[in-house]
Amino acid sequence: MTYACPYCGTALGNHGEDNGDALVCPSCDRVYTDRGGFYDFLGDDAPQNRGVVSLFDAVSRIYETPLWYPLGMRLATGGRSSAGELVERVANRVADEDADTVVDIATGTGLFARRLARDATVYGVDASAEMLRRCVRNARREGVRLELARADAGALPYADDTFDVAACTGALHLLPDPSEALNEAGRVVRPDGALVVTTVVDEGFFGSRTARRTARLYGMRVFSEEEVDALLGSAGFERIETERESSLVTLVARRR
Ligand SMILES: C[S@@+](CC[C@H](N)C(=O)[O-])C[C@H]1O[C@@H](n2cnc3c(N)ncnc32)[C@H](O)[C@@H]1O
Ligand SMILES: [Zn+2]
């Protein structure tokens, strides 16, 4: 699989030594450099939710420690599932799809992507350079191969109908335009492929208005189940499975 220019959609070849390890778009001449383990499709273009992305740049080091992700899981699920259990649940569901290729949208430090890479070739994409740096290090330490890119979830650097499965865990509620991101997921997943999402809905902990208002201060939205279905539907997906623990919903949708 080759990358595609997120600005004009043209397939990108690797231009090798002349440009270091950069990818060059033959149509619009944009150059995407390899930043030591990930191609950078954003460069100096800040994502619309730059505040949120800067927050993840800042917490990348502690993201997988008990100070961050496990704490978030405790809040969202009311202590019903650990991070490790959620990773296994998502990985088992993706494995059921017999996927050869998976794109992990907003892959972060690769917590899910590293596990998914046991069963498929995994492409991870995120807007935060620091989360990706940590992801590169984590993957190397564990001897896992991931194909990583820095890009906005609303403009993915892949061609149409490329992947068997798209995963998007813990991120849809943080994106500036979830509808645009799901449209992009729908574009890069092949027809009849699957989308696996974990996100937060207005039940359990985030059923309280105070919790939702506080979340909003951190750039996080809390969906209703109806909003989730409307977003999926307009991106060409149909929800086929749902598991909810307090505020955390894990859903599978099929691309029509
Ligand atoms: C809570 S983390 C989830 C990471 C990973 N999927 C996981 O479950 O551990 C949210 C991720 O979304 C990424 N993100 C936020 N806004 C983004 C955007 N506009 N485009 C791509 N990634 C974005 C952040 O950089 C961060 O790594
Ligand atoms: Zn281009």
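**Exercise 1.** State which domains the protein chain is assigned and how far apart their centres lie.

*Solution.* The assignment, automatic or from a database, gives domain 1 (1–34) and domain 2 (35–255). Their C-alpha centres are 25 Å apart. This is a predicted model, in which local features need pLDDT of at least 70, side-chain atom pairs count only at pLDDT 80 or more, and totals for interfaces use all residues. Residues are numbered from 1 along each chain as its sequence is written.

**Exercise 2.** Describe the interface of domain 1 and domain 2.

*Solution.* Start with contacts (heavy atoms within 4.5 Å): twelve residues of domain 1 touch 19 residues of domain 2. Next, take buried area, the accessible area (1.4 Å probe) that two parts lose on being put together, summed over both. The two domains bury about 1300 Å² between them, with 58% on carbon and sulfur atoms. Of the area that domain 1 buries against domain 2, Met1, Tyr3 and Asp34 supply 49%, more than any other three residues. Finally, count salt bridges (Lys or Arg side-chain nitrogen within 4 Å of an Asp or Glu carboxyl oxygen): there are zero between domain 1 and domain 2.

**Exercise 3.** Identify the donors of the zinc ion (ligand 2) and explain why their arrangement is tetrahedral.

*Solution.* Donors are N, O and S atoms within 2.8 Å of the metal (3.2 Å for Na, K and Ca). Here they are the SG atoms of Cys5, Cys8, Cys25 and Cys28, at 2.2 to 2.3 Å. Their spacing along the chain is C-x2-C-x16-C-x2-C. The four donor atoms subtend angles of 97 to 126 degrees, so the arrangement is tetrahedral (all angles between 85 and 135 degrees).

Terms used
Chains are lettered from A and ligands numbered from 1 in the order in which they are written. Side-chain values use heavy atoms; hydrogens and water are left out. Four donors count as tetrahedral if all angles lie between 85 and 135 degrees; four count as square planar and six as octahedral if opposite donors are over 155 degrees apart and all others between 65 and 115; anything else is irregular.
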